[in-house]
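Colleague: Could you walk me through this model before I set up my calculations? I'd like to start with what I am looking at.

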Amino acid sequence: MEPAEGRPGWWSVAAEAGDGARYGFRLNGGPLRPDPRSRRQPDGPDGPSAVVDAQAYAWRHDWAGRGLGGSAVLYELHIGTYTPEGTLDAAVEHLGELAELGITHIELMPLCPFPGVHGWGYEGVSLWAVHEPYGGPAALRRFVDAAHGHGLGVVLDVVHNHLGPSGNHLPAFGPYFTDAHHTPWGSAVNLDAAGSDEVRAYLLGSALAWLHDFRLDGLRLDAVHALADTRALTFLEELATAVDELSGEVGRPLFLIAESDLGDPRTTRPRAEGGLGLHAQWNDDFHHALHTALTGESQGYYADFAAAPLAAVAKTVTHGFFHDGTYSSFRGRTHGRPVDVTATPAHRFLGYAQTHDQIGNRALGDRLSATGSPGLLACAAALVLTGPFTPMLFMGEEWGARTPWQFFTDHTDPELAEAVRNGRRREFAAHGWAEEEIPDPQDPQTRRRSCLDRSEREREPHARLLAWYRELIALRRTQPDLSDPDLASVKVAYDEQARWLAYRRGDLRIAVNLAKEDAEIPLGGGGRVLASWAGVEAPGADGVLRLGAEGVVILTDA
């Protein structure tokens, strides 16, 4: 190889190679290493790279794209546990179910290669490639093409804040990491020190390749608060600009969804108004408020929400964030920044009752369905799907799946495997759990337990809950008030002691009773029942809605 003219630090050579040809690089006579921009790692992260002919796939479906506004409903999906086979091709067989449910976008958890076969994907390396046990890049193209054929957009979760501890060869190629910053997962990616221009180019190229080469519709950016970046033009702003430009070039909407723990509306504020210009962000404040209202849990970061959970729900659905400059006892400081609800469309926030994080980071990976009644699950569904935010479901939620979703790994390094196993046990021992109660992440049964059991869909109470989700999603699609982006127009009332909450969205009124006793809610007279979990009549002349225990109703004044 020879130094590349005009690009310091780069070396190049031309070689004949066809699709599937293996190759790698030896740096200064060292071991063979995979290409940092490898499009395929057929033998895993430590093996040689393989050439991929991206033009070889003949796309079957034209796709105009699908944005996040309006009646969008996202569905978070982990390929390795969505089916027992754990492959992209196996998941394709169930895309029709999601389209029939009313889902508009599938949000795939990370697909980049990692050591072993099974894992969550957040310890991936080779940021341009697809995990081979899932089917590799060819399978992802088939999946996206099939999804588009069903009218489903596809979003990919990407991790830019760190790489996995095993199989990461980037440090040998350049200053991709820095000791100036640290993350909970190890060395920070170098976004602002010497050499960071090329590191940014690497990450930008990877992100744009997913959107262009695989025709994805959007990216979910993992833990952007862990992107240590002190430059005037931040990486996130640079990425958002590049994605908007690519959207104009390809002629279809493309978007970025941030996972952020900052409580900062500037994440999604337009760049012309001083924001970063990302298109949406997860809203954990809404989740925490809803979770405490449903479960009564008050440990850790739930404490502030649990003090008055219905008040917390009411604040999030009208103001976006719960912590908007208020004191956070979990952090020991004030946190967040107010959202300008008159200028921020509600669809820029994703609202959800369950996610991979909020289930899998529990000691036993237990879902709401492990302890919640069908009625409470129906209430949760209504608050997510009729609320002002862009709804997101976690796979299996729609039928109240009883299978857990646990933390599992498949590290091939024995020392790393033991460190992860012991670290998990120590973490939960501090919260009173016995070591033997915590599932072993390396045990193959932990992953198997986490696979969905589709036979539940046909049995009660799962079938009734699935029908309820279909009904709610259909209402979101057919009732314009439910996709109104005006946060300032949402009006809420609640009774913390009686455990009921009601809110108005245009001509629609939604009421939930989380108590185990019937509730009388002063909702005002009139209206017509659009949907209810159990038989409910509209309020009479006295204006009182009589709602059964753990019940929910949607009424219209139109």
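Colleague: Thanks! What covers the buried residues of α9?

Modeller: First, a note on the source: this is a predicted model, where local features need pLDDT of at least 70, side-chain atom pairs count only at pLDDT 80 or more, and totals for chains, interfaces and linings use all residues. Residues are numbered from 1 along each chain as its sequence is written, and side-chain values use heavy atoms, with hydrogens and water left out. Helices (DSSP runs of H or I, at least four residues) and strands (E, at least two) are numbered from the N terminus. Contact means heavy atoms within 4.5 Å, and the cover of the buried residues of α9 includes α7 (284-295), α8 (303-306), β19 (491-495) and β20 (500-505).

Colleague: How many residues of α9 are buried?

Modeller: Buried means under 20% relative accessible area, exposed over 50% and partly exposed in between, with a 1.4 Å probe and protein chains only. Among the buried residues of α9 are Pro309, Leu310 and Val313. Helix α9 (residues 309-319) is mostly covered, and the buried count is 8 of its 11 residues.

Colleague: In which order do the strands of the barrel close?

Modeller: Strands pair if DSSP finds at least two bridges between them. One of these pairs is β14 (residues 280-282) with β17 (residues 349-351), which run parallel and are joined by 2 bridges. The barrel has 8 strands with parallel pairing, in the order β7-β8-β9-β12-β13-β14-β17-β18.

Colleague: Which residues touch the most other members of the largest nonpolar core?

Modeller: A nonpolar core is a set of buried Ala, Val, Leu, Ile, Met, Phe, Trp, Tyr and Cys residues joined through side-chain atoms within 4.5 Å. Phe143, for instance, is in contact with residues including Ile79, Leu88 and Val154, leaving aside neighbours within four places in sequence. Of the 127 residues in the largest core, those touching the most other members are Leu108, Phe143, Trp210, Leu219 and Trp468.

Colleague: And which helix gives the most to this core?

Modeller: In soluble globular proteins, nonpolar side chains tend to be buried together. With 10 residues, the helix that gives the most to this core is α11 (residues 374-385).

Colleague: Why does Ser49 count as buried?

Modeller: Ser49 is found in strand β6 (residues 49-50). Its side chain makes a polar contact with that of Ser38 at 3.2 Å; such a contact is a pair of N or O atoms within 3.5 Å, where within protein one must be able to donate a hydrogen and the other to accept it, and residues adjacent in sequence count only if both atoms are side-chain atoms. Ser49 counts as buried because its relative accessibility is 0%.
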